[in-house]
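Here's a quick tour of one protein model.

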Amino acid sequence: AYPLMARYLDVKNPDSISLNYERTYTPEGGSANNPNIILVICESFSAYKSSMYNNPLNTTPYFNELCDNGVFFDRCFTPAYGTARGVWATITGIPDVESPKTASRNPNAVDQNTIINSFKGYNNFYFLGGSATWANIRGVLTNNINNLKLYEQDDYKAKKIDVWGISDKNLMLEANNVLKEQAKPFFAIIQTADNHRPYTIPEEDRDEFKLKSFSSDSLKRFGFESNEEMNAFRYTDFGYRKFMEAAQKEAYFKNTIFVFVGDHGIRYNGRLDHFPKAWTEQGLTCEHVPLLFYAPGLIKPQRINEVCSQADILPTIASLAKIPYTNNSLGRNLFDSTSHAGINNEKYAFIIDHDVKTVGLVGNKYYFLKNF
C-alpha cells in the first residue's frame, strides 16, 4: 500500500524500501509574528448534539457564533473513540490502532514525534482539570513534548467539584491567568472534562447558568439521554464563552490562534431527526466532531465541508503559524491549496471502531468499512 499512501500524502521523495513519509514545510516569506497557540480538546464534543449542526435544542449558541467568525470544518472525524486515543491522535498525528488497550499505555509506543516541538522558542503548557494519571497520559505528554509545564488539579486555586477535578470554566480561567503572564510565545493545550458523567454543574454558576428541561421525547429525537446530559453539554458552551471573554481582555489575544476540537463523539443508537441515518446505523456519531480555527484578524472566516481528521490538526496549526516543520504522520495541512494529495482529488479520514471491530475510511460521499 506504500505507493498509494505516498501519493495520497503527497510525499515528495517516495521510497518504498525505507517507507519514507517525510514531508517538510517551509513557510513562504519567512515566519510570522510567532502567534500563540491555544488548542482546546473538548470532552465528548459530538457534532450532532451541537448548534452548528442545527440541533433544535440549541445547546451551543456561543460556540456557533465562534464558528461563524472562524474557519469551521464541519466534517471532521476522530480516528477512534475514547479520550486517550483522541489525545494521542491529536499530538502525534497517528491513529491509535492498539487494541484492546490504548497506544498511550504501550511502553514501546511512547517515544513519538510531535510537531509541537517544531515551535522553537515557545513555552509549552498542558492544562487538565484533574489528574494525568489515567492511561499513562502524563508519560505520553512529558516524554514527548519538550520543556512541558503540566498543570493538574492540585496546581489550581479552584477546588475540585467531582472525580474529574475542577470545573471546565475554572480550568480555562486558570489557564488564562497563567498565559497572560507569559513574555514568550506559547503553545498551550487545554483538555476539558465536564461533559462526562456525573455531569456536574458547579453551584457557583447556578445563578448565571440557567438549567433547561425538555421532554424525554425531544431529548431522544435530538440525541440526549437525559436533561442532566443535555445541560452538561450546554455548560461546556458557557465555559467557552467565559474563557473567550476573559482572553479578549488580555494582550496575547490578538496574536493567538485558538483551535477547538472534540476528543471524540458519542455513539447514538436511536434515530436523529436532523442527521442522515447512516450516522447512527454505521456509528459515525462516535467520531464526528467540530473542528474550529479561530483567530480574528489572522484568518478569514469560512465553513469548509471537506472531510478531515483529528490527525490533521498539528500540521495545520504549524502552517497557519508559519512554523517550519517536518511531518512524518498521517496528518496534512488543511489549508494547503497547492498540494495534489488525495485520491481522485478526494480526501479521507481513517476510522477504527474498537467497539464493533471495524476499520474504514470516510469520504465526502461514502463510508467504506470492513471488519477486523
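Contact here means heavy atoms within 4.5 Å. Helices (H or I, at least four residues) and strands (E, at least two) are DSSP runs, numbered from the N terminus. You're looking at a predicted model, where local features need pLDDT of at least 70, side-chain atom pairs count only at pLDDT 80 or more, and totals for chains, interfaces and linings use all residues. Residues are numbered from 1 along each chain as its sequence is written, and side-chain values use heavy atoms, with hydrogens and water left out.

- Lys169, Met172, Leu173 and Asn176 are the H5 residues that touch H7.
- On the H7 side, the partners are Tyr235, Phe238, Gly239, Tyr240, Lys242, Phe243, Ala246 and Ala247.
- Sorted by class, this H5–H7 contact has eight nonpolar, two polar and two charged residues (Ala, Val, Leu, Ile, Met, Phe, Trp, Tyr, Cys and Pro count as nonpolar, Asp, Glu, Lys and Arg as charged, and the others, Gly among them, as polar).

- Most residues other than glycine have a negative phi, and most peptide bonds are trans.
- Asn34 isn't a glycine, yet has a positive phi of about 45 degrees; look for Asn34 in the loop between strands E1 (23-25) and E2 (36-42).
- The Ser99 to Pro100 peptide bond is cis, with omega near 5 degrees, and Pro100 sits in the loop between helix H3 (83-92) and strand E4 (123-128).
- Arg197 to Pro198 is also a cis peptide bond, with omega near 15 degrees, and Pro198 belongs to the loop between strand E6 (186-191) and helix H6 (216-221).
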